Amino acid sequence: MRSWSLTGNHLGSIADGLCLDEVSTEPPQPVGRQVVVRVRAAALNFRDAMILRDTYTLKAGAGTIPLSDGAGDVVAVGPLVQQLNVGDRVVSTYFPRWRSGPLEPEYAGDQFGAGRDGLLAEWLVCEEDELVRPPAHLSACEAATLPCSAVTAWSALTGPRPVLPGQTILTLGTGGVSLFAVQLGQLFGVRIIAATSSGTKAARLKALGADTVMDYSANSSWDKEVLEATDGFGVDRVIETVGPQTLERSIRSTAVGGEIAHVGGGGFADSDATTFDPRVLHGRSLSLRRVTVGSRHDFEMMNQAIAVHRLRPVVDAVIGFEDAPLAYERLVDRSHLGKIVVDVNGADE
């Protein structure tokens with residue numbers, strides 16, 4: 001089996017932090033409710049770069065196989081497996097043990113690529129209910145992008161109080177969660193305001209369905225632009241993907257009774273991150289909700305919507321397995337628009 005693993009070198013280059021391993025062994029035999037998955041494709045999230053640099057909440061020791069997101073097909077099943085069969089296409093879940101309901105602490109610490117080996121390998125062995133079936137119209141590369149970014153965007157839009165047709169949402173940047181929020185937001189019938197820092201990316205956001213696109217790099221007071229675009233009311237939901245650097249303006253952009261769905265953690269890992277003035281909350285009625293991806297149930301509900309509407313994820317690049325460090329480099333230089341995928345095992349076959 002070929003796999004990439006973390007070396008534990010957090011200070012060197014990306015290549016120094018990864019090691020390609022090759023072991024001449026057959027896939028293990030599954031027991032109980034285990035299945036063996038031939039991984040076809042794996043996708044990167046910013047948390048994977050944080051894990052490599054040892055700035056993520058969970059620690060992954062040397063030898064850990066990285067990446068939480070991947071898609072493949074079942075090649076063997078244990079004697080107690082009931083839901084899956086050999087040949088079924090499957091996708092990993094971000095929190096393998098979180099089935100539904102609230103996220104429990106013991107589930108949060110168990111993630112593919114952090115608390116356990118991940119998907120940057122030719123084979124994955126796990127329990128059958130730690131996987132879901134992807135929408136049938138998606139390729140392996142497209143399906144691999146769903147477990148983290150897409151489910152997070154879905155949870156940000158649904159959650160305890162789903163967005164409603166005719167409401168307005170604001171997305172920040174062009175990361176995976178933001179792009180999925182633009183795509184999924186259309187399924188809910190909301191108006192979408194998207195803020196970005198690039199003219200090229202602005203055009204792509206318009207093509208994906210954003211109703212209004214603004215360049216926050218050209219206007220540091222972009223919250224005023226949001227208010228102007230909403231006749232002074234503000235947006236009903238902000239998909240806040242940055243953190244302290246943008247939170248104050250996100251608050252100023254939110255309507256009375258609105259919600260800020262805060263996702264991601266990259267902004268909090270920045271030692272130079274600014275704080276916001278809490279006085280901005282005075283006189284405002286809004287909710288701030290922390291979104292931590294979603295459960296297996298959330299994933300399955302989202303997949304039904306994606307299947308009905310034939311939504312296709314935005315894939316920026318597909319990189320060969322031997323060149324996996326290049327995928328990390330493309331991720332951290334932030335020049336991409338869409339998900340970065342590694343072709344592990346013949347993703348297009």
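Figure 1. Arg133 is partly exposed, at a relative accessible area of 45%, whereas Asp88 is buried, at 18%. Here buried means under 20% relative accessible area, exposed means over 50%, and partly exposed lies in between, with a 1.4 Å probe and protein chains only. This is a predicted model in which local features need pLDDT of at least 70 and side-chain atom pairs count only at pLDDT 80 or more, while totals for chains, interfaces and linings use all residues. Residues are numbered from 1 along each chain as its sequence is written, and side-chain values use heavy atoms, with hydrogens and water left out. The side chains of Arg133 and Asp88 form a salt bridge, at 3.2 Å from N to O. A salt bridge is a side-chain nitrogen of Lys or Arg within 4 Å of a carboxyl oxygen of Asp or Glu. Arg133 sits in the loop between strand S7 (131-132) and helix H3 (140-143), and Asp88 in the loop between strand S4 (69-77) and strand S5 (89-92), so that distant parts of the chain, 45 residues apart, are linked. Helices (H or I, at least four residues) and strands (E, at least two) are DSSP runs, numbered from the N terminus.

**Figure 2. The salt bridge between Arg2 and Glu322.** The closest N and O atoms of Arg2 and Glu322 are 2.6 Å apart in this salt bridge. Arg2 belongs to strand S1 (residues 2-6) and Glu322 to the loop between strand S14 (315-320) and helix H10 (324-332), so the pair ties together parts that are 320 residues apart in sequence. Arg2 is buried, with a relative accessible area of 18%, while Glu322 is partly exposed at 45%.

**Figure 3. The salt bridge between Lys59 and Asp54.** In this pair the closest N and O atoms are 3.3 Å apart. Lys59 is exposed, at 51% relative accessible area, and Asp54 is partly exposed, at 32%. In total, the structure holds 19 salt bridges.

**Figure 4. The second largest pocket.** What is the volume of the second largest pocket? The volume is about 240 Å³. On a 1 Å grid over the protein atoms alone, a pocket is an open set of points with protein on both sides within 12 Å along at least five of seven lines, and lining residues have an atom within 4 Å of a point. Grid points are joined across faces, edges and corners, and the volume is the space filled by probe spheres set on the points. Of the 16 lining residues, Trp98, Ser155, Gly159, Arg289 and Asp298 are the closest to the centre of the pocket. Strand S13 (286-290) and helix H9 (296-309) each supply at least two residues of the lining. The lining divides into four nonpolar, nine polar and three charged residues. In this count Ala, Val, Leu, Ile, Met, Phe, Trp, Tyr, Cys and Pro are nonpolar, Asp, Glu, Lys and Arg are charged, and the others, Gly among them, are polar.

Figure 5. In the model, 20 residues of domain 1 are in contact with 15 residues of domain 2, where contact means heavy atoms within 4.5 Å. Each domain also gives at least three residues to the lining of the second largest pocket.

Figure 6. Leaving out residues up to four places away in sequence, Asn303 touches Val132, Arg133, Pro134, Pro135 and Leu146.

**Figure 7. Asp231 and Arg310, two residues with positive phi.** Most residues other than glycine have a negative phi. Phi of Asp231 is near 55°, a positive value, and phi of Arg310 is also near 55°. Asp231 lies in the loop between helix H7 (222-229) and strand S11 (235-240) and is exposed, at 67% relative accessible area. Arg310 lies in the loop between H9 and S14 and is exposed too, at 53%.

Notes
1 Å grid on protein atoms, 1.4 Å probe; cavity = no way out; pocket = protein on both sides within 12 Å on 5 of 7 lines; lining within 4 Å. Domains from an automatic or database assignment.
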